[in-house]
Amino acid sequence: MHTCTDLKDANKLDTMPLNLLLLFLVLSPGLAWLPVEDWDSANVTASGGGLECVCSVFLPDSNFPADRVQHMQKVSTDLRLEVEIQINKLVHYGGKLDIFLRELNDLNIRVAMLDRNPDSYIKLDFELLRIELREFEALVSQLKESLNSSSPMLDSLYTEIHNMTLIVDQLETFDKSNLEVIRIEFAKLQRKLEECQKEQDFIKPDIGNCNHTGIMSVSKPMVIQINAHLNPGYKYGGWGKDSKPVRGYESMYWYGAYSKPSVYEFYLYSNYDKLIQRSSFTHHGLPQGYEGAGNNYVVHGNTVYYQAANPFRMSKLNLTSSVYSHRHVTRASEKFTYTYSPNQYLDFSADEKGLWVMYATEEAKGKIAIAKIDEKSFGFEEEWTTNAYKPLAGNAFMVCGVMYATRPGDLNTEEIYYSYDTKTKEEKYISIPLQKLQENFVNLHYNPTDQKLYMYNNGYYVSYNVRFNKE
């Protein structure tokens, strides 16, 4: 047992810094601390930093391990530098982490919105979410590798990102059927649009010319909408465009409809949009004694041509001057009408050649006769008799001086079955299908300004594009 005074170099020990002295005491296996009550009897006193220690030590015979102290000093320095480096890394990644945590919170909100309202997303949203989630996952892995360790916070973030990825996958899988339905419907709409475009480009209209050999085919019906009264009960009537518009009225549309085969008012619209919107129209009411019957009337040269009821005659109303004119058709019979149209004895039509009226005569036993109208005198220029029996016909119209008659097929199909050329007096039996929205229709007529057929089909506006055989 030695006391501190037994050291050969007691002066050095007495002046040793306190930290080295404490380290020395820790590294010395023979160290023995004296009880507190014996501190006063110790022989060695060491001081440092205002602290005074009295100790009794057992020292082995070996020399003091200064090399171990130096090694520990180096290790301590290296550790301090490493800690500073890691702290700097944490500061660097901590800033990034704050940014990505805010973005992750934003992702949480977006995923929640998709969960609450799955109808408001598109497939691209899912793919963008997946890309961002993969970026966050890579960031967490990078942080773990840089720190060469893990932490509850990073583990929690990694789990949250994984869960969000699962939610995104589940949401897309959950509504996959709806997405497929939308794609199918979209494809159908695309096909319909292409078909519509083909119909529009059926043939480039050669407006005003008759350099063809007649109608080759008719497009599918283009159903515009129900009549301006929004009433399916208005089954009798007609609609269309002026077949010979005056300047400034080229875009005008006309319409008239009734709950019975009568004619007592017309509506004029400045353009197609006004017709569809049922707005800004001009109303023309026929005064008592001028009312009409039947529904195959047309507007030609800003004049309405219609069949007057009592007495039976053909009449016209100039829409500019409001002047009426009338003409009796002595050969026209009131015994024969079309299949779908009660009281339709006079059928007006207009084409590239002018204005026409069709009717049946008793002399021809109900067969349709054609008369070319002189617009100025309101008389007939010439007449022709066909072999089309009117009561079996659904309707008739004129195109380039040729009369075409239809007949019922089935509930949704009419057939253009007969034609008569007033120039050559040649007749043909043909078969051109004409699809219908509903079985019954009235007021089927052709318009030379756009080469379309206009039909009033049980209260609905319907039109067709016409394709011609080239010469």
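The side chain of Asn395 makes a polar contact with the side chain of Asn296, at 2.8 Å; a polar contact here is a pair of N or O atoms within 3.5 Å, and within protein one must be able to donate a hydrogen and the other to accept it, with residues adjacent in sequence counting only if both atoms are side-chain atoms. The model is predicted, so to speak only for what it shows, local features need pLDDT of at least 70 and side-chain atom pairs pLDDT 80 or more, while totals for chains, interfaces and linings use all residues. Residues are numbered from 1 along each chain as its sequence is written, and side-chain values use heavy atoms, leaving out hydrogens and water.

Asn395 sits in the loop between strand 18 (379-389) and strand 19 (396-399); strands are DSSP runs of E, at least two residues, numbered from the N terminus. With a relative accessible area of 0%, Asn395 is buried, on a scale where buried means under 20%, exposed over 50% and partly exposed in between (1.4 Å probe, protein chains only). Leaving aside residues up to four places away in sequence, Asn395 touches a set of residues including Tyr338, Asp347, Tyr404, Phe441 and Leu444, where contact means heavy atoms within 4.5 Å.

On to the charged pairs. Side chains of opposite charge can pair when their charged atoms come close. Taking a salt bridge as a side-chain nitrogen of Lys or Arg within 4 Å of a carboxyl oxygen of Asp or Glu, the count comes to six. One of them joins Lys244 to Glu375, with the closest N and O atoms 3.3 Å apart. That pair links distant parts of the chain, 131 residues apart: Lys244 lies in the loop between strand 5 (236-241) and strand 6 (253-258), and Glu375 in the loop between strand 17 (367-374) and strand 18. Lys244 is partly exposed at 42%, and Glu375 is partly exposed at 26%.

Glu362 and Lys335 form another salt bridge, their closest N and O atoms being 3.8 Å apart. Here, too, distant parts of the chain are linked, with Glu362 in the loop between strand 16 (354-360) and strand 17, and Lys335, 27 residues away, in the loop between strand 14 (324-327) and strand 15 (347-351). Glu362 comes out partly exposed at 46%, whereas Lys335 is exposed at 62%.

Then there is Lys436 with Glu414, a salt bridge at 3.1 Å, N to O. Lys436 belongs to the loop between strand 22 (426-435) and strand 23 (442-447), and Glu414 to strand 21 (residues 413-421), 22 residues apart. Both partners are buried.

Definitions and conventions
Helix = DSSP H or I, 4+ residues; strand = E, 2+ residues; numbered from the N terminus.
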